[in-house]
Amino acid sequence: NPQEVAQQKQEFARHIMVQHKENEAILEQQAEHEIQHARRAAERYKALVLGRLEVQRREEEMAAEHEYHTQLANLREAACQKRAALEKQAGDLVMEYSARKAQDDMIRRNHH
């Protein structure tokens with residue numbers, strides 16, 4: 001009977017359409033699940049990389065700070081040594097002047 005065939009054809013087409021929509025929804029859910037999984041993995045990797053970069057940054061800062069303190073200590077030591085040398089030189093000059101003055105005073109006293 002052609003009417004039954006047409007009705008079966010219509011039901012079959014409807015069934016195919018329903019199946020197609022169900023399969024599409026399943027596929028969409030799978031794709032969304034995979035996308036979310038990839039995003040979570042990327043976020044974990046990003047956190048790991050940022051953590052490593054933070055550690056590296058802190059290490060570099062500590063190295064720079066250490067270098068600064070070392071150079072500052074060297075600079076202060078050099079300044080101390082220069083000050084000590086200058087004080088010794090000034091002291092030597094004062095002693096030399098005093099000795100000469102004493103000698104000149106003695107010569108003047110002996111000549112008068």
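A salt bridge here means a side-chain nitrogen of Lys or Arg within 4 Å of a carboxyl oxygen of Asp or Glu. With that in hand, take R100 and E96: they form a salt bridge whose closest N and O atoms are 2.9 Å apart. What you have on screen is a predicted model, where local features need pLDDT of at least 70, side-chain atom pairs count only at pLDDT 80 or more, and totals for chains, interfaces and linings use all residues. Residues are numbered from 1 along each chain as its sequence is written, and side-chain values use heavy atoms, with hydrogens and water left out.

Now zoom out. The C-alpha trace spans about 165 × 15 × 5 Å along its principal axes. The radius of gyration, taken over C-alpha atoms, is 48 Å, while a compact globule of 112 residues would have one near 13 Å (the globule rule being 2.2 Å times the number of residues to the power 0.38).

How much of the chain is buried? Buried residues make up 0% of the 112, where buried means under 20% relative accessible area, exposed over 50%, and partly exposed in between (1.4 Å probe, protein chains only). The accessible surface comes to about 10,900 Å², and 58% of that belongs to carbon and sulfur atoms; these areas come from the Shrake-Rupley method with a 1.4 Å probe, and for residues only the protein chains shown count as cover.

Back to the charges. Side chains of opposite charge can pair when their charged atoms come close. Seven salt bridges turn up in a search of the whole structure. In the one between R100 and E96, both residues lie in helix α1, four residues apart, about one turn of the helix. R100 is exposed at 52% relative accessible area, whereas E96 is partly exposed at 39%. Elsewhere, salt bridges that share partners join E54, R57, R58 and E61 into one network.

E54 is partly exposed at 31%, R57 is partly exposed at 35%, and E61 is partly exposed at 41%.

Note on methods. Helices (H or I, at least four residues) and strands (E, at least two) are DSSP runs, numbered from the N terminus.
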